[in-house]
Amino acid sequence: VWWDTGFPLSVEDITAGVPRDFMLEQNYPNPFNPSTKISFVIPDDGFVKMKLYNVLGQEVATLVNTSLISGSYVVDFNGAHLSSGIYVYKLEVNGTVESKKMVLAK
């Protein structure tokens, strides 16, 4: 279906080429209840681990634990089984590690 809105539109291809930089995005929405999305980009193929920890540093979930090719990915996480609070998600790929905080508000 196509209709003219009267405004010029531009579309940018974000999948062209290979990503150059490792990137872990802030989850969205944040705070969340009970589900959220976590986006990340890996520039090289590799084994990807993403784990979720509570504020005491205890592992509460494994979100990703597999080999992936370079590209952009989104993880859908449902925290319905967790209590309200601050959590840290950590992404490890080929020796590169990054982490971010997220808030579950029930």
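Modeller: A salt bridge is a side-chain nitrogen of Lys or Arg within 4 Å of a carboxyl oxygen of Asp or Glu. This is a predicted model, in which local features need pLDDT of at least 70 and side-chain atom pairs count only at pLDDT 80 or more, while totals for chains, interfaces and linings use all residues. Residues are numbered from 1 along each chain as its sequence is written, and side-chain values use heavy atoms, with hydrogens and water left out.

Colleague: Why is the contact of Glu98 with Lys100 called a salt bridge?

Modeller: The closest N and O atoms of Glu98 and Lys100 are 3.6 Å apart, and the limit is 4 Å, so the pair counts.

Colleague: Why is Asp76 called exposed?

Modeller: Exposed means over 50% relative accessible area, buried under 20%, and partly exposed in between (1.4 Å probe, protein chains only). Asp76 has 55%, so the word exposed applies. Lys37 has 44%, so Lys37 is partly exposed.

Colleague: How do you know that strand 1 and strand 2 pair?

Modeller: Pairing requires that DSSP finds at least two bridges between two strands. Strand 1 and strand 2 (residues 35-42) have two, in the antiparallel sense, so they pair. Met23 stands opposite Val41 in strand 2.

Definitions and conventions
Helix = DSSP H or I, 4+ residues; strand = E, 2+ residues; numbered from the N terminus.
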